[in-house]
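Here is a short briefing for a reader new to this structure. Start with the view below, then go through the points topic by topic.

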Amino acid sequence: MGTLRDLQYALQEKIEELRQRDALIDELELELDQKDELIQKLQNELDKYRSVIKPATQQVHKASALQEQHRTKRQAISGEPTAFDIHELSHVTLPFYPKSPQSKGLIKEAILDNDFMKNLELSQIQEIVDCMYPVEYATDSCIIKEGDVGSLVYVMEDGKVEVTKESMKLCTMGPGKVFGELAILYNCTRTATVKTLTNVKLWAIDRQCFQTIMMRTGLIKHAEYMEFLKSVPTFQGLSEEILSKLADVMEETHYGDGEYIIRQGARGDTFFIISKGKVNVTREDSSNDMPVYLRGLGKGDWFGEKALQGGYVVEER
């Protein structure tokens, strides 16, 4: 009996062990599915970001003396811009239309809520807000007609509109919504019809103004990155072409007050140049585990340059 009881107990243990393994497998499969969804979401966001920048970069691409047909988004913006390009764009006077703080806030929030435009830089969004001009339509007016060539994007401040495609209703929209953005992002014909259900008040910007903002921001930012890179001793022996390629792949990242950028002991794989703000560099005291202040860094300073030489272990934070 004792032996039988032992076997039954061992069997129960094995069954429980298998159950736990099955539960772990289910949990890991769920986690894998979630990571797959996250990867897909990030890929979609990346595609949307590229689609926003692409129309603006096409004109810069055409103006380039190199005439390369297969540049990436960043290369099309930056590809060693001439002084003439930067000079011309930096002196373009964009239109400005005064708005109440409420209208400015509504336009900004509408852009940030739009899947195709929310990844623009804040400086670009601010210029778009300033350049948008007021438009009004009466009830039962056609704002956008499917199949027409479009050159304006709208943000609705007041009223309600109906969106249809091939005479089938898709949705209705109210204040705080962007529509017509595909016309200036993809340079395509209107994909749907938008009619007013009430009197509406809109803010609008045309494609030319929008692309000027995109190009100017890209070229000026590239020139700024080049100056930053030239100030780093590690890069002073590099050619303009190499520096330009480094500037092409640099990305702007924002950190809040008190947020850690890198931590001591972590593997460093990113090079940073400070374009705005200040950071503190500290090292953990092994005797009491307290951070010891080493120095402060500000605009134009850099850290993490060893990351470009194959990575490193952070000794400070």
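Helices and strands are DSSP runs, numbered from the N terminus; a helix has at least four residues and a strand at least two. The model shown is predicted. Its protein chain comes to eight helices and 14 strands.

**The chain as a whole**
- The protein chain has 317 residues, and 35% of them are buried.
- Take the contacts between residues at least 6 apart in sequence: 71% of these join residues at least 24 apart.

**The loop between β4 and β5**
- Most residues other than glycine have a negative phi.
- Glutamate 166 is not a glycine, yet its phi is positive, at about 50 degrees.
- This glutamate 166 sits in the loop between β4 (161–165) and β5 (168–173).
- Is glutamate 166 buried or exposed? Glutamate 166 is exposed, with a relative accessible area of 61%.
- Serine 167 also lies in the loop between β4 and β5.
- Its phi is positive too, at about 70 degrees, although serine 167 is not a glycine.
- Serine 167 has a relative accessibility of 76%, so it counts as exposed, because the cut-off for exposed is over 50%.

**Helix α5 against helix α7**
- Two packed helices are described by the angle between their axes and the distance between the axes.
- Helix α5 spans residues 122–131, and helix α7 spans residues 207–230.
- They pack at an angle of about 150 degrees, and their axes are 10 Å apart.
- The two helices, α5 and α7, are therefore roughly antiparallel to each other, because angles over 145 degrees count that way.
- The crossing of α5 and α7 is right-handed.
- On the α5 side, the contact is made by Ser123, Gln124, Glu127, Ile128 and Cys131.
- On the α7 side, Cys209, Phe210, Ile213, Met214, Arg216 and Thr217 meet them.
- By class, this contact of α5 with α7 has six nonpolar, three polar and two charged residues.

**Helix α7 against helix α8**
- The axes of α7 and α8 come within 9 Å and cross at roughly 120 degrees.
- That angle makes α7 oblique to α8.
- The crossing of α7 with α8 is right-handed.
- From α7, the residues in contact are His222, Tyr225, Met226, Leu229 and Lys230.
- From α8, they are Glu240, Leu243, Ser244, Leu246, Ala247 and Asp248.
- The contact of α7 with α8 divides into six nonpolar, two polar and three charged residues.

**The buried side of α8**
- Which residues of helix α8 (residues 240–249) are buried? They are Leu243, Ser244, Ala247 and Asp248.
- These residues cover an arc of only 150 degrees around the axis, which puts them on the same side of α8.
- Leu243, Ser244, Ala247 and Asp248 are also among the α8 residues that meet α7.

**Valine 292 in strand β12**
- Valine 292 is in strand β12, which covers residues 291–297.
- At 37% relative accessibility, valine 292 counts as partly exposed.
- Valine 292 and threonine 282 are 10 residues apart in sequence. In space, they are 5.2 Å apart, C-alpha to C-alpha.
- Which residues does valine 292 contact, leaving aside its neighbours within four places in sequence? The contacts are Val281, Thr282, Arg283 and Asp285.

Notes. Residues numbered from 1 in each chain as written. Predicted model: local features only at pLDDT ≥ 70, side-chain atom pairs only at ≥ 80, totals over all residues. Heavy atoms only, no water. Buried < 20%, exposed > 50% of the residue type's maximum accessible area, 1.4 Å probe, protein only. Arc of directions from axis to C-beta. Axes fitted to C-alpha atoms, helices over the stretch in contact; angles between N-to-C directions. Parallel < 35°, antiparallel > 145°, perpendicular 65-115°, else oblique. Left-handed = near helix turned anticlockwise from the far one by under 90°. Contact = heavy atoms within 4.5 Å. Nonpolar A, V, L, I, M, F, W, Y, C, P; charged D, E, K, R; others polar.
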